[in-house]
Amino acid sequence: MLVLPFLFGSCEQEDLVVLNPDATTTVTVSSNEIVLLKENEGTDLEVLTVGWTKPDYGFQAGAKYQVLFDLAGGDFSSAQAVDAGQELSKSFKTEELNKIFLDLGLVPEEEGQIILKVTSILSY
């Protein structure tokens, strides 16, 4: 006679999480016009602050946010992304914005236009 051991296990029922399709946020900027001055390079002067409201995702979401910059008219496919962590705002100094703008292709000492948006990455 042969006796085979069997291992029985059970799975816990997982809760179904449904994302609120109407979740929105309101983004604000400290200024609609920014002039980056060379003499402000290396200082702690904040030249732009981007803030947003906490979206209601319909569940307790562990959201991490990014601020995306692109050239005016762009579709964000070549955007410059800056992590903001779990905070609801991100401040930028002259050097940081200058690098972002140059990486986007703006020409120094010439006026340019950019657009930005805030995205969230969710975990539960």
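Student: Which residue forms a salt bridge with Asp44, and how far apart are the closest N and O atoms?

Tutor: Happy to start there! The general idea is that side chains of opposite charge can pair when their charged atoms come close. This is a predicted model, and in it the partner of Asp44 is Lys93, with 3.2 Å between the closest N and O atoms.

Student: Which parts of the structure does the pair tie together?

Tutor: Lys93 belongs to strand S5 (residues 89–93), while Asp44 sits in the loop between strand S1 (27–29) and strand S2 (46–52), so the contact links parts that are 49 residues apart in sequence.

Student: Is Asp44 buried or exposed? And what about Lys93?

Tutor: Asp44 is exposed, at 63% relative accessible area. Lys93 has 33% relative accessibility and counts as partly exposed, because that class lies between under 20% for buried and over 50% for exposed.

Student: How many salt bridges does a search of the whole structure find?

Tutor: Three. Another one joins Lys90 to Glu96, where the closest N and O atoms are 3.8 Å apart. That is still a salt bridge because the cut-off is within 4 Å. Glu96 is partly exposed, with a relative accessible area of 29%.

Student: Where do Asp103 and Lys99 lie?

Tutor: Both are in helix H1 (residues 94–104), four residues apart, which is about one turn of the helix. As for accessibility, Asp103 is partly exposed at 41%, whereas Lys99 is exposed at 52%.

Conventions:
Residues numbered from 1 in each chain as written. Predicted model: local features only at pLDDT ≥ 70, side-chain atom pairs only at ≥ 80, totals over all residues. Heavy atoms only, no water. Salt bridge = Lys/Arg side-chain N within 4 Å of Asp/Glu carboxyl O. Helix = DSSP H or I, 4+ residues; strand = E, 2+ residues; numbered from the N terminus. Buried < 20%, exposed > 50% of the residue type's maximum accessible area, 1.4 Å probe, protein only.
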